[in-house]
Amino acid sequence: MIFRRKAKNDEAETTGGFFGDDEATAEETGAGTGAESGSGEPRGEGPFDSNEVDPAILTAEDRIDLGALVITGMPGMELRLQVDEATGDVQAVLLVLEDSALELRAFAAPKTSGIWAEVRREIAAEATRMGGTASETEGPFGTELVLVVPVEDPEGQIFSQTSRVIGIDGPRWLLRATVLGRAAVEPDAAPPMEQSLRNVVVVRGSEPMAPRESLALRLPAGAQPVDEEEA
């Protein structure tokens with residue numbers, strides 16, 4: 001695994017764009033239990049809430065503790081973290097395997113209902129505003145979006161980028177995953193990204209948080225961030 005510090009606007013992370021942090025727009029929610037779920041969508045195969053798994057799983061050797069998210073590494077996979085250089089806060093997790101990637105962000109949600117349906121409409125509207133398209137489809141995690149949006153490369157050339165945006169409502173959290181690269185357009189490349197998503201454990205905590213507030217991420221223990229040129 002390679003741990004890289006990425007500036008917010010670095011090329012590898014510009015795909016985050018309008019998938020970025022949402023403002024908290026609702027009142028704070030109270031503490032709940034791990035059995036509470038914001039939607040009726042089943043999560044029997046993951047991703048899981050920390051209250052739904054054996055605590056020993058969270059500290060297993062193959063697990064990487066990133067604070068609000070605990071992930072499982074795969075052979076050959078790189079872990080990159082998008083870090084706000086002004087604040088030092090980790091904003092997103094990017095798992096990269098060959099020519100595919102999975103971006104992960106976690107947000108607080110109300111105790112009584114999920115927010116993916118609402119967020120999904122907002123993402124689709126933003127894609128349309130940018131001159132792209134957004135199509136809803138049913139995937140292994142429920143309703144997801146397939147986006148095709150114009151993107152400018154470092155040389156100033158414009159090309160279309162396809163991505164899958166998956167949202168999973170859990171107990172007082174929303175896990176948003178964006179599949180990028182070959183896995184977004186070729187079904188045979190998607191299973192490793194989907195399995196990585198299923199292996200995620202969300203550590204929401206019990207503190208009150210405003211809906212859509214980002215759950216805190218951190219560098220893994222013992223990891224030292226390096227610049228792109230040094231990695």
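Two residues are in contact when heavy atoms of theirs come within 4.5 Å. Which residues of α4 are the buried ones? They are M193, E194, S196, L197 and R198.

E194 is worth a stop, since this glutamate sits in helix α4 and is buried, with a relative accessible area of 19%. The cut-off for buried is under 20%, so E194 makes it into that class at 19%. Leaving out residues up to four places away in sequence, E194 touches P140, F141 and R164.

R164 turns up again in another pairing. G139 belongs to strand β8 (residues 133-139) and is partly exposed, with a relative accessible area of 24%. The C-alpha atoms of G139 and R164 are 9.7 Å apart, while 25 residues separate the two along the chain.

## The chain as a whole

Zooming out, the protein chain has 4 helices and 12 strands. Of its 231 residues, 48% are buried. The chain exposes about 11,000 Å², and carbon and sulfur atoms supply 48% of that area. Take the contacts between residues at least 6 apart in sequence: 66% of them join residues at least 24 apart.

How far should you trust the coordinates? The average pLDDT over the protein chain is 81, and 77% of the residues score at least 70. The stretch to watch is residues 1-40, where pLDDT stays under 50. The model still has 130 contacts beyond four places in sequence for that stretch. Where pLDDT is low, though, predicted coordinates should not be read in detail.

In soluble globular proteins, nonpolar side chains tend to be buried together. Here, the largest nonpolar core has 35 residues, and L69, V93, L104 and L197 are the ones with the most contacts inside it. Two or more residues each come from β4 (69-72), β5 (78-83), β6 (90-97), β7 (100-108), β10 (158-170), β11 (173-181), α3 (182-185) and α4 (191-198). Apart from this core lies another one, of 14 residues, among them A109, I115, A127 and V149.

What does V93 touch, once residues up to four places away in sequence are left out? The list runs L66, L69, L79, R80, L81, L102, E103, L104 and L217. L69 and L104 in that list are also, like V93, among the residues with the most contacts inside the core.

Strand β6 also holds Q91. Q91 is buried, with a relative accessible area of 13%. The Q91 side chain makes a polar contact of 3.4 Å with the side chain of D84.

Strands of a sheet pair through backbone hydrogen bonds, either parallel or antiparallel.

Look at the pairing of β4 with β12 (residues 201-202): the sense is antiparallel, over 2 bridges. V70 has V201 of β12 as its bridge partner.

Is the positive-phi residue E98 buried or exposed? First, the geometry: E98 has a phi of about 55° although it is not a glycine, and it lies in the loop between β6 and β7. At 68% relative accessibility, E98 counts as exposed.

R172 is another non-glycine residue with a positive phi, near 70°. This arginine is found in the loop between β10 and β11. Whereas E98 is exposed, R172 is buried, with a relative accessible area of 3%.

Finally, there is a cis peptide bond. This bond joins G46 and P47, with omega about 0°. P47 is found in the loop between β1 (3-6) and β2 (48-49).

Definitions and conventions: Residues are numbered from 1 along each chain as its sequence is written. This is a predicted model: local features need pLDDT of at least 70, side-chain atom pairs count only at pLDDT 80 or more; totals for chains, interfaces and linings use all residues. Side-chain values use heavy atoms; hydrogens and water are left out. A nonpolar core is a set of buried Ala, Val, Leu, Ile, Met, Phe, Trp, Tyr and Cys residues joined through side-chain atoms within 4.5 Å. Buried means under 20% relative accessible area, exposed over 50%, partly exposed in between (1.4 Å probe, protein chains only). A polar contact is a pair of N or O atoms within 3.5 Å; within protein, one must be able to donate a hydrogen and the other to accept it, and residues adjacent in sequence count only if both atoms are side-chain atoms. Accessible areas come from the Shrake-Rupley method with a 1.4 Å probe; for residues, only the protein chains shown count as cover. pLDDT is the predictor's confidence in each residue, from 0 to 100. Two strands pair if DSSP finds at least two bridges between them.
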